[in-house]
Amino acid sequence: MNTINLNNQVMLRGHLVKDVQVSLYNDAKGNQKSVGRFTLAVKSGVNRNEVEFIPVTIFSGADVLAKYTRKGSQILVSCMLKNNTYEKKVKGKTETVYGGLELVCQGFEFLSSSAKPGDVESTDEDGSEEK
């Protein structure tokens, strides 16, 4: 049974603005991993006629999300907020630069998709698929 950490938890339901963009990177151990980026169109809670466009990054499950969704698919995502910082050399000194907050997807559910009946319906934080 998975436990849910309610600290730093963001749940969003919306439609993909375009297909999930997946790219490859090497982790600290040199293993090749995939990362996905997408924008979710979410109706504003204040005014249902307004739409917020929320950028989201996904590491675990990026390939599954890209395979079974397309532009316009409705999904529910569980995310955490992460400080996007990096180090930069300035006049010989290393400084930490704050790059803003980033939403990192930890799990998702398909609410509508290009998936066929009986295909994958959701994933957990570890990227494992559930039926």
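I looked up the lining of the second largest pocket in this predicted model. I listed Arg13, Gly14, His15, Ala41, Val42, Lys43, Arg48, Val51 and Gln74 there. I noted a volume of about 160 Å³ for the second largest pocket.

Next, Serine 44. I found Ser44 in the loop between β3 (32-43) and β4. Is Ser44 buried or exposed? I read a relative accessible area of 8% for Ser44, which is under the 20% cut-off, so I logged Ser44 as buried. I checked the contacts of Ser44, leaving out residues up to four places away in sequence. Ser44 touches Glu50, Val51 and Glu52. Val51 was already in my notes as a lining residue of the second largest pocket.

With Val17 and Phe53, Val51 makes a nonpolar patch of about 250 Å². I placed Phe53 in strand β4, residues 51-58.

Last entry, Asparagine 7. I found Asn7 in the segment before β1 (10-16). Asn7 has a relative accessible area of 60% and is therefore exposed, the cut-off being over 50%. How far apart are the C-alpha atoms of Asn7 and Leu81? I got a separation of 10.0 Å. Along the chain, Asn7 and Leu81 are 74 residues apart.

How values were computed: Residues numbered from 1 in each chain as written. Predicted model: local features only at pLDDT ≥ 70, side-chain atom pairs only at ≥ 80, totals over all residues. Heavy atoms only, no water. Patch = residues over 30% accessible without salt bridge, like charges linked within 9 Å, V, L, I, M, F, W, Y side chains within 5 Å. Areas by Shrake-Rupley, 256 points an atom, 1.4 Å probe, with all protein chains shown as cover. Salt bridge = Lys/Arg side-chain N within 4 Å of Asp/Glu carboxyl O. Helix = DSSP H or I, 4+ residues; strand = E, 2+ residues; numbered from the N terminus. Buried < 20%, exposed > 50% of the residue type's maximum accessible area, 1.4 Å probe, protein only. Contact = heavy atoms within 4.5 Å. 1 Å grid on protein atoms, 1.4 Å probe; cavity = no way out; pocket = protein on both sides within 12 Å on 5 of 7 lines; lining within 4 Å. Points joined across faces, edges and corners; volume = space filled by probe spheres on them.
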